[in-house]
Amino acid sequence: MNDIPNTFRNQPDERGHFGQFGGRYVAETLMPLVLELEKEYRRAKADPAFQAEFDDLLEHYVGRPSPLYFAPRLTAEFGGAQVWFKRDELNHTGAHKINNCIGQILLAIRMGKTRIIAETGAGQHGVATATVCARFGLPCVIYMGATDVARQQPNVFRMKLLGAEVIPVTSGAKTLKDAMNEALRDWVANVHDTFYIIGTAAGPHPYPELVRDFQSVIGKEARAQMLERTGRLPDLLVAAIGGGSNAIGLFHPFLDDPDVRMLGVEAAGHGLDKQHAASLAGGRPGILHGNKTYLLQDEDGQIAEAHSISAGLDYPGIGPEHSWLKEIGRVEYTSVTDDEALSAFQLLCRTEGIIPALEPSHAIAAVAKVAPTMPKDSIICANLCGRGDKDIFTVAEHLGVAI
Amino acid sequence: MTRLSSAFSRGPSLVCFITAGDGDTAANLGALVEGGADVIELGMPFTDPMADGPAIQKANLRSLGAGTTTADIFSMAAAFRARHPQVPLVLMGYANPMTIRGADWFAAQCVKAGVDGVICVDIPPEEDPELGPALRGAGVALIRLATPTTDAARLPAVLDGSSGFLYYVSVAGITGMQQAAIGTIDANVSRIKQSTDLPIAVGFGVRTPEQAAEIAKLADGVVVGSALVELVGEHGKAAPGPLRDLTKALADAVHGAR
Ligand SMILES: Cc1ncc(COP(=O)(O)O)c(C=O)c1O
């Protein structure tokens with residue numbers, strides 16, 4: 001670590017930069033709106049009524065605080081550190097995504113916007129967005145790659161039940177990256193009335209900051225719950241990373257606790273030497289979707305197709321704050337393959353009676369590697385950021401089971 | 001006088017866009033010049049063209065599918081410069097391919113290939129350090145975009161550090177959409193003219209000679225892209241003929257306003 005700052009929690013700077021990362025790389029048409037969003041977010045943050053409404057919805061609609069759970073049989077299985085889970089899979093709609101959607105739709109309403117758009121990969125963010133739109137009575141358009149529409153039919157149906165229009169995106173590789181391109185195209189054409197609810201801690205400033213702030217409820221709760229239950233802070237935090245919103249939400253409130261180590265887990269897909277979605281491990285800094293960050297790309301800066309068994313991690317970029325945290329060395333990052341995640345998925349089902357989503361299965365697979373190397377009195381807190389109902393078809397297919 | 005300023009000094013100019021590496025680029029560019037294009041915009045293909053509609057998206061994919069590299073694009077530009085020493089050539093594209101080897105590298109390649117200016121869709125004035133200083137230092141014009149959402153408070157920031165010409169995007173939206181009402185374009189262009197001496201070229205949604213003629217009466221340049229790119233998509237290797245014909249009709253319409 002060179003040049004250790006005295007706090008890791010005051011990023012980004014006033015121009016939206018996390019070190020060399022982040023920023024506002026958008027078309028001129030969007031720039032005035034992005035500046036306006038930043039102003040409105042500052043006002044909302046300073047407004048106790050906004051915070052109160054957010055807290056109230058999280059408590060009574062989402063079901064927060066989510067439990068902090070000690071996993072005894074998994075701990076025994078690994079034979080090392082105690083394994084604890086932050087149970088964000090118990091939220092309404094089954095993942096952490098809803099925390100952010102509540103915050104953003106309140107902002108949209110403050111700004112007088114009357115139409116909501118979003119991108120989705122696995123469909124979790126799409127379902128969470130459609131949910132808050134139904135709750136507040138706003139029309140909702142979800143862009144989803146045609147490939148993902150085909151492999152995530154249950155979520156497509158959920159979104160439609162919730163009243164959203166789901167538009168299959170047939171450009172490019174027809175996955176999350178292309179859905180995001182299409183959402184941006186919609187946004188430039190409808191700037192006057194439309195709010196874009198971005199699903200992860202990425203995109204142009206102020207999105208990485210505000211998504212992080214809304215998701216930080218995870219880490220704030222975990223920190224207080226851990227202190228109350230054990231009288232101390234955890235030794236290691238572990239979270240899976242697609243764009244990085246559940247991870248930054250868990251990590252951020254602990255960044256200034258020097259004894260708490262953190263591990264972000266990217267998707268290594270078929271392996272880092274093959275097709276994968278680990279932008280920190282296999283990418284280089286570049287500019288895409290409004291921010292500068294690590295990206296999977298070729299030497300000409302053309303963006304590569306990512307691959308992960310988990311549609312929610314299947315993205316060739318990562319939120320800019322993670323790129324910065326990697327470069328300054330505050331957070332460690334590793335990666336886990338499809339096969340390792342599948343094994344961890346099954347292990348959690350059998351040892352704890354919890355069916356996790358494939359995304360946090362990556363975090364569990366990383367815990368499986370580090371827990372045995374740590375002393376028995378040490379504590380790991382992993383983010384169980386989604387439940388696996390949406391993934392049982394994918395898992396069955398990989399296990400060769402017809403359902 | 002630069003190639004760009006002398007082109008615009010002759011009166012309303014026709015600016016023609018095609019995507020590099022889509023079809024036979026040398027022949028297509030030749031056809032645009034023969035047809036009477038005053039300025040050439042050569043699109044740098046990108047995997048994720050967020051500001052483009054279906055026509056130019058497809059052109060990007062065709063070009064990348066054919067294996068076009070950044071080195072190829074600069075060879076095409078250099079060959080164009082050798083054949084057409086007087087016609088201004090501008091590269092248009094997205095930030096990542098332009099900055100991936102460093103802005104200084106990109107600016108130096110532009111100079112070497114005889115590129116007169118650069119339009120980067122996703123570097124607003126707020127992120128100018130990413131590309132602007134390198135281009136200005138190398139004497140390559142940085143052509144910025146102004147849009148219907150660029151209000152009076154923001155316009156000075158857009159103009160600061162711009163050179164070559166100002167590209168006025170007539171509609172809030174992506175390329176290939178419908179053109180805005182002529183009255184709105186007129187009002188916006190007149191407003192911008194009060195703040196700058198740079199030539200103003202209007203684009204997005206201009207397809208026909210009739211539209212081009214109307215815009216040429218109130219702006220210094222008319223940009224046509226999707227309509228030309230669609231011809232390349234439709235005719236492939238046989239595109240130069242149809243490209244020349246459409247360009248000629250557009251050029252006659254634009255130059256008629258001189
Ligand atoms: C359950 C779950 N976890 C994680 C992710 C990845 O996103 P992020 O890295 O922003 O948390 C997703 C995305 O769809 C998800 O559904």
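**Entry 1**

The model is predicted, and I read its values accordingly. I noted that I403(A) has a relative accessible area of 69% and is therefore exposed. I then found that I403(A) belongs to a nonpolar surface patch together with I355(A), I392(A), F393(A), L399(A) and V401(A). The accessible area of this patch is about 560 Å² in total.

**Entry 2: A sheet in chain A**

I traced an open sheet of 4 strands in chain A, with parallel pairing and the order 7-6-5-8. Strand 7 (165-169) and strand 8 (194-196) are its edge strands, each pairing on one side only. On average, neighbouring strands are turned by 25° against each other, direction ignored. I looked up the pairing of strand 5 (residues 115-120) with strand 8 and found 3 bridges in the parallel sense. I116(A) has F195(A), in strand 8, as its bridge partner. Helix 8 (residues 176-189) of chain A lies across strands 5, 6, 7 and 8, and runs at about 160° to strand 5.

**Entry 3: Salt bridges**

I recorded 38 salt bridges over all chains. In one of them, E130(B) and K292(A) have their closest N and O atoms 3.1 Å apart. E130(B) lies in a loop of chain B and K292(A) in strand 12 of chain A, so this pair joins two chains. Both E130(B) and K292(A) are buried.

I also examined R244(B) and E34(B), whose closest N and O atoms are 2.7 Å apart in a salt bridge. R244(B) is in helix 12 and E34(B) in helix 2 of chain B, so the pair ties together parts 210 residues apart in sequence. R244(B) is partly exposed at 31% relative accessibility, whereas E34(B) is exposed at 55%.

How values were computed. Residues are numbered from 1 along each chain as its sequence is written. Chains are lettered from A and ligands numbered from 1 in the order in which they are written. This is a predicted model: local features need pLDDT of at least 70, side-chain atom pairs count only at pLDDT 80 or more; totals for chains, interfaces and linings use all residues. Side-chain values use heavy atoms; hydrogens and water are left out. Two strands pair if DSSP finds at least two bridges between them. Axes are lines fitted to C-alpha atoms, for helices over the stretch in contact, and angles run from 0 to 180 degrees between N-to-C directions. Contact means heavy atoms within 4.5 Å. Patches are made of residues with over 30% relative accessible area and no salt bridge: like charges are joined within 9 Å, nonpolar side chains (Val, Leu, Ile, Met, Phe, Trp, Tyr) within 5 Å. Accessible areas come from the Shrake-Rupley method with a 1.4 Å probe; for residues, only the protein chains shown count as cover. A salt bridge is a side-chain nitrogen of Lys or Arg within 4 Å of a carboxyl oxygen of Asp or Glu. Buried means under 20% relative accessible area, exposed over 50%, partly exposed in between (1.4 Å probe, protein chains only).
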